[in-house]
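Take a moment with the sequence and the 3D view.

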Amino acid sequence: MARIHDLVELLKQAPDEVFIQPHNVPDPDAIASSFGLQQLLAALGVEAVIVYEDDIEKANSLSMLSAFGIDMRLASSVHTLGAEDWTVLVDVQKENSNVTNLVTDEVACIDHHQYNGPKGYRFEDVRPAIGSCSAIIAEYFQEAAVEPSSNVATALLYGILMDTDNLTRGVSGLDIDMFYWLYKHVDISRINELKANQITARDLQDYARAFEGVEVYGEIGFLRLENANDSLLGAASDIVITVAGVNVVVSYAVRDAGIKYSTRSVTPRVNAGDLVRHIVDGYGIGGGHDSMAGGFIRRDSFPAGRSMDTFTKVRAVAFVEARADG
Ligand SMILES: [Mn+2]
């Protein structure tokens, strides 16, 4: 039996409303997965409302909402949220640093990040080997023999492309199979429109300032951004990793609340998740995939009297050099 039918049977028992919640500051994969799941559940008789926390920052994420008619609501604006409501977490797991624990009961979780261990879900589908959550949702459509609308298929295809960096980063057979399966329902010109709306003019200025300060040390590229939003930190890292000779990128943004990290690696010698955990070890939290990861150290946890730049570089260099060739 298709997995989605287990989820539908569960959600039909919900004592009150059903919500779908992606991680905070939803990115295209989180938005597409939430939207796809909402539409599939609706086709199978379960109405669900998508709620999220924090701003949608990237220009392409915002354009997805209007392009596909996606209705997502800020949790603070949903006054009916209550302890009797059930939530399906999407593209995130309970207790991750990038998800707000709402008053609702998180009965289900669908994700492709590193497994956090059992959290009492009644439905759980966490597959860290998959490059995008959108591919998992697309497979639900396929298993249930429900044809996705053009809007859903295009959003899911875009989610796959964004999270796998155009089918090159952390990509699995399922991502490629679902890309192919969705493709026949997709108007590719709408994907191109989204690709042409990825950043704002303001982002470009922030990039320009940040790239002036890039420091390349051996195979590591260091990038410090001032007050950047999460998505800019990741997107800037993706550009620095394309520099010839750079195999590992450590980006960080110093904020009022603390220091935010983003790591990238294109060499199997260096696991991006292990690298960020090494950098924050003893002071903060971090995690992610082999090729991309993130972390955070709260300002009040940071060791007093040490330079954030030197602290970061010393730890990153030690970790990468220990894994150098020869
Ligand atoms: Mn994702």
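A residue counts as buried if 20 or more other C-beta atoms lie within 10 Å of its own, as exposed if 12 or fewer do, and as partly exposed in between; the C-beta atoms are placed from the backbone. Helices (H or I, at least four residues) and strands (E, at least two) are DSSP runs, numbered from the N terminus. This is a predicted model, in which local features need pLDDT of at least 70 and side-chain atom pairs count only at pLDDT 80 or more, while totals for chains, interfaces and linings use all residues. Residues are numbered from 1 along each chain as its sequence is written.

Start with helix 8, residues 201–212. Helix 8 is hardly covered: one of its 12 residues is buried. Now turn to helix 4, residues 133–144. Nine of the 12 residues of helix 4 are buried, so the rest of the structure largely encloses it. The buried residues are Cys133, Ser134, Ala135, Ile136, Ile137, Ala138, Glu139, Tyr140 and Phe141.

Helix 4 is followed by Ala145, whose phi is positive, near 55°.

## How helices pack

Next come the helix pairs. Axes are lines fitted to C-alpha atoms, for helices over the stretch in contact, and angles run from 0 to 180 degrees between N-to-C directions. Angles under 35 degrees count as roughly parallel, over 145 as roughly antiparallel, 65 to 115 as roughly perpendicular, and the rest as oblique.

| Helix pair | Axis distance | Angle |
|---|---|---|
| Helix 1 (residues 3–11) and helix 4 (residues 133–144) | within 8 Å | roughly 95° |
| Helix 2 (residues 28–43) and helix 5 | within 8 Å | roughly 150° |
| Helix 5 (residues 150–163) and helix 6 (residues 173–183) | 10 Å | about 150° |

Helix 1 and helix 4 are therefore roughly perpendicular to each other. Two residues are in contact if their C-beta atoms, placed from the backbone, lie within 7 Å. Here the contact is made by Arg3, Ile4 and His5 of helix 1 and by Tyr140, Glu143 and Ala144 of helix 4. Tyr140 is also on the list of buried residues in helix 4. How do the contact residues divide by class? Ala, Val, Leu, Ile, Met, Phe, Trp, Tyr, Cys and Pro count as nonpolar, Asp, Glu, Lys and Arg as charged, and the others, Gly among them, as polar. The contact of helix 1 with helix 4 has three nonpolar, one polar and two charged residues.

Helix 2 and helix 5 cross at roughly 150°. That makes helix 2 roughly antiparallel to helix 5. Their crossing is left-handed: the near helix is turned anticlockwise from the far one by less than a right angle. On the helix 2 side, the contact uses Pro28, Asp29, Ala32, Ser33, Phe35, Gly36 and Gln39. Helix 5 brings Val152, Ala155, Leu156, Tyr158, Gly159, Met162 and Asp163. By class, these residues divide into eight nonpolar, four polar and two charged.

Helix 5 also packs with helix 6, at an angle of about 150°. These two are therefore roughly antiparallel to each other. The crossing of helix 5 and helix 6 is left-handed. From helix 5, Ala153, Leu156, Leu157 and Ile160 take part, and from helix 6, Asp175, Met178, Phe179, Leu182 and Tyr183. Their contact has eight nonpolar, no polar and one charged residues.

## Single residues

Tyr183 is found in helix 6. Is Tyr183 buried or exposed? Tyr183 is exposed, because it has 12 other C-beta atoms within 10 Å. Tyr183 and Thr154 are 29 residues apart in sequence and 7.9 Å apart in space, C-alpha to C-alpha.

Pro118 lies in the loop between strand 5 (105–111) and strand 6 (123–126). Pro118 is exposed, with 10 other C-beta atoms within 10 Å. From Pro118 to Ala129 is 11 residues in sequence and 18 Å in space, C-alpha to C-alpha.

Two loop residues have a positive phi without being glycine. Asp91 has a phi of about 65° and sits between strand 4 (86–90) and strand 5. Asp91 counts as buried, with 30 C-beta neighbours inside 10 Å. Asp165 has a phi near 45° and lies in the loop between helix 5 and helix 6. Asp165 counts as partly exposed, with 16 C-beta neighbours inside 10 Å.

Methods. Expected span 1.5 Å × (residues − 1).
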